[in-house]
Each structure stands twice: as C-alpha cells, then as structure tokens.
Amino acid sequence: MDLAVMQYSVDKIRADFPILKQMIRKYPLVYFDNGATTQKPVKVIEAVDRYYLTINSNIHRGVHYLSNEATDAFEQARKRVATFINAPESREVIFTKGTTESINLVANSLAGFLLKEGDEVMVTEMEHHANIVPWQMVCERVGAKLKVVPISDSGELLVESLDSLLTERVKIIAFAHVSNVLGTINPVQEICAKAHERGILTLVDGAQGIAHQTVDVQSLGCDFYVFSGHKMYAPMGTGVLWGKASLLESMPPYQGGGEMIDKVSFTGTTYNVIPYKFEAGTPDVGGVIGLMAAIDYLTEIDFGSALEYEEGVMHYAYESLKQIEGLRFIGDAKRRTGVISFILNGAHPYDVGSILDHQGIAVRTGHHCAQPLMDRFAIPGTVRASFSIYNTREEVDKLVAGLKVAANMLL
Ligand code: C6P
C-alpha cells in the first residue's frame with residue numbers, strides 16, 4: 001500500500017458528507033446503496049447553491065454579465081470533464097440528463113444514420129435496461145436485430161464468443177464497463193479491439209465504471225463512453241456522452257429545439273456544431289457546475305487513493321459476507337468493483353432489505369433494472385451492497401450483523 005492510501009482518512013472524507021451523520025430509525029445511517037446514487041459532498045452542494053445565489057442565468061444566449069458568467073462556468077465544466085476522462089477534445093463532451101439519456105441519444109441518432117434493416121446491434125446478458133431497451137426500440141423501428149453476448153456462471157462475459165458473434169451485420173456493440181449487479185469489470189480494451197478489427201462501433205455504459213475506476217477514454221479505445229453525474233458525487237439530472245469528434249460530427253441530432261441549430265426557416269434548418277448540436281434546450285446549468293465541483297473534489301482528495309481504499313473495504317465485505325451461512329453470491333468475477341450481490345437462501349431479497357432498513361442499513365434489493373440477468377441466474381432479484389469512498393469496515397461489520405438478524409428471522 002502506498003503512502004497516499006495509508007494517509008487516506010475516511011473520517012475526514014465522511015465529514016465532507018453531512019448526510020452520513022444522520023440517525024435512521026435510531027441507528028447511525030449505514031449507506032450501501034451507492035450504485036443507485038452516491039451522496040454529495042458539501043463542496044458540490046455549495047457550488048450549486050452559489051450558482052443559484054450569484055450567477056443563475058440562461059447560457060449561450062445573453063449579452064449580460066450573469067449570462068456570460070454562467071456560460072463560462074458551464075464551458076469550464078465541459079473542459080473539466082474532458083480532462084477527467086482524458087478526452088482528446090472538450091467539444092466531444094455532451095451534457096445530458098444521465099446515462100439513460102446518453103444511450104438514447106446515441107441509439108436514436110445512429111438509427112437515422114447507420115442502422116438499416118437486417119443490421120444487428122450487440123448488447124450483453126449483464127446489461128442494465130438502459131442499455132437494452134433504447135436499442136430494442138430503434139431495432140424495431142429500422143428492422144434491425146438485437147443480439148446478446150452470453151456470460152458465464154461466475155458473471156463474466158464470454159469474450160471468445162465475440163469471434164463468431166461479431167459478424168459483418170453487427171454495426172455497434174454496447175456493453176457495461178462495470179455490471180451494476182455482478183460488479184464484473186469487463187475487458188473494455190479487448191472487446192473494443194475485436195469490434196474495431198471488424199469495423200464495428202463500441203459504446204461503453206460507464207454508469208458504474210466512472211466512480212470506481214479512473215477512466216481514460218483514449219486508452220479504453222471505445223467510440224462512445226456514457227455516464228451519470230449522480231453516481232459520482234455530482235447532482236442528479238447530470239450526465240455525459242463522450243464520443244469521438246469525427247463520429248459525433250457525422251451523426252444527426254437527436255432532439256430539435258433551441259441551441260442545437262445554426263439557421264432555422266420554415267423551409268429547412270441547419271444545425272449547430274458539436275457539442276451544441278446534441279444539446280437542445282436549456283440544460284441543467286447548476287447541475288453541470290455541481291458536476292465540475294465533484295470532479296474538483298475527487299481530484300483534491302486524490303481519487304486514486306480513495307479508490308484503493310474503497311477496494312479494500314469491498315474486499316473486506318466480500319470476505320466477511322462469505323462467513324454467513326446460507327449466503328450465496330451472484331457474480332464471482334475475478335476482476336470486480338463497486339457492488340456485491342447475494343441472496344440469503346430461501347429468503348426474498350425484499351424481506352432481507354426491509355430487515356436491514358430497520359437497523360438503519362440501506363441496501364438495494366430487487367432486479368436492479370437487469371431483468372434478463374435475473375432470468376440468466378433464475379432468481380427474482382438479489383440483495384446488493386454497493387460501496388463508496390466513505391464506507392468503512394465498521395459499517396461492513398454492521399451489515400454482517402444485520403444480515404445475521406435477517407437470517408435468524410427469515411430462515
Ligand atoms: N443503475 C442502480 O443500479 P441513470 O438512471 O440514467 O442515471 O443510469 C442508468 C444506468 C445505466 N447503466 C447502468 C450500468 C446502471 O447501473 C444504471 C443505473 C442504478 O441502482 C439505478 S437502476
């Protein structure tokens with residue numbers, strides 16, 4: 001362990017997240033639902049507050065002082081995101097409402113540009129609905145087919161199956177960086193290389209990757225990388241689509257409206273340059289400024305050390321949960337991060353989650369918006385503990401004790 005990680009003070013980090021000090025049902029809050037959304041540090045909340053208290057104004061439109069200040073801050077945020085994910089150019093960063101909107105944007109835009117009848121779109125068995133349904137919808141519209149990459153019992157993609165699955169009909173493969181149920185880290189570079197050898201586009205759903213990995217879109221080698229701000233300590237309603245400039249430039253817009261146009265007349269409209277072509281209407285300016293503050297916060301605390309610390313807590317949880325009789329992990333990939341899913345044999349995940357909630361412990365239960373994955377394992381759902389840079393080993397001990405209470409009551 002290097003010095004920076006040894007010096008990582010989780011108490012100091014926790015003090016930045018006042019929500020964690022709460023008592024829930026007379027117990028100190030234990031928050032293990034970070035995969036759904038992370039809590040926000042004071043610096044992010046203050047940045048959003050400051051925006052509304054001092055420079056709230058619409059952007060790219062005004063000549064007045066406030067509008068210029070807000071525009072500058074918004075465009076500064078775009079640069080900050082570009083640096084955070086090592087994008088070659090900040091105009092490749094498009095602000096959206098979140099991962100879901102980013103995927104819908106790419107799917108719908110490609111439907112008017114690349115996808116034709118008889119083509120295929122490839123997703124995987126471990127995808128979130130947000131990376132299945134938009135593709136299904138556009139496939140239906142253009143007469144293309146959705147194909148699925150299978151996974152193993154341990155929850156790893158059968159990457160070798162790509163050699164036969166990636167035929168010349170496949171136009172894009174869209175897959176998760178990290179599974180929101182299994183925690184599996186997919187071999188992004190290898191998949192992208194296989195796809196690109198065959199001229200196939202790649203979209204990486206980084207919703208669960210962005211807060212648990214340092215992301216470098218150039219070294220990952222994908223064409224599109226999408227994520228949500230709210231899963232990386234930023235406000236809800238913020239998200240990013242990163243795409244290669246050459247692709248974004250050739251793609252048609254997704255939504256029409258203000259800001260995305262160059263010239264409008266009743267006989268026709270020409271479109272703005274990227275990124276604005278894909279940012280129709282007034283964006284969540286305050287939220288995007290909050291996203292910039294989240295990136296600044298992660299940089300300040302040394303994100304790399306924070307991630308190493310978090311991995312330690314997750315591994316401790318994995319080893320501790322193993323000791324619980326009747327607990328079965330769903331997903332046992334060699335490379336994993338962020339989440340641990342399990343079932344307590346015979347008990348419904350919802351009942352387990354409710355008993356934990358009565359002890360102040362927040363986990364997520366259910367299908368996690370991944371019903372095809374639940375079908376793959378023939379289960380109705382799982383209990384999922386998802387981790388963050390502010391969780392502690394003491395909290396893991398509480399989770400284990402809470403699960404023992406649940407097991408006593410339910411089994
Ligand atoms: N998963 C969870 O697992 P939005 O709602 O647009 O911010 O993110 C959608 C999404 C897309 N892909 C993956 C891999 C995801 O995990 C998610 C969101 C949350 O708890 C909510 S279902």
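**View 1. Buried area at the interface.** Between domain 1 and domain 2, about 2800 Å² is buried, and carbon and sulfur atoms contribute 57% of this area. On the domain 1 side, the residues that lose the most area to domain 2 are Phe-303, Arg-335 and Arg-376, which together account for 24% of what that side buries. The model shown is predicted.

View 2. The domain assignment places residues 3-31 and 301-410 in domain 1, and residues 45-299 in domain 2. Taken over C-alpha atoms, the centres of domain 1 and domain 2 are separated by 28 Å. Domain 1 supplies 36 residues to the contact, and domain 2 supplies 31 residues.

View 3. Three salt bridges are counted between domain 1 and domain 2. In the pair formed by Lys-334 and Glu-156, a salt bridge, the closest N and O atoms lie 3.9 Å apart.

**View 4. Elements on the domain 1 side.** Two or more residues of the side of domain 1 that touches domain 2 come from each of α12 (303-322), β14 (339-344), α14 (371-377) and β17 (382-386). Helix α14 gives the largest share of this side, six residues. Sorted by class, the side of domain 1 that touches domain 2 comprises 17 nonpolar, nine polar and 10 charged residues.

How values were computed:
Residues numbered from 1 in each chain as written. Predicted model: local features only at pLDDT ≥ 70, side-chain atom pairs only at ≥ 80, totals over all residues. Heavy atoms only, no water. Domains from an automatic or database assignment. Contact = heavy atoms within 4.5 Å. Buried area = accessible area lost by both parts, 1.4 Å probe. Salt bridge = Lys/Arg side-chain N within 4 Å of Asp/Glu carboxyl O. Helix = DSSP H or I, 4+ residues; strand = E, 2+ residues; numbered from the N terminus. Nonpolar A, V, L, I, M, F, W, Y, C, P; charged D, E, K, R; others polar.
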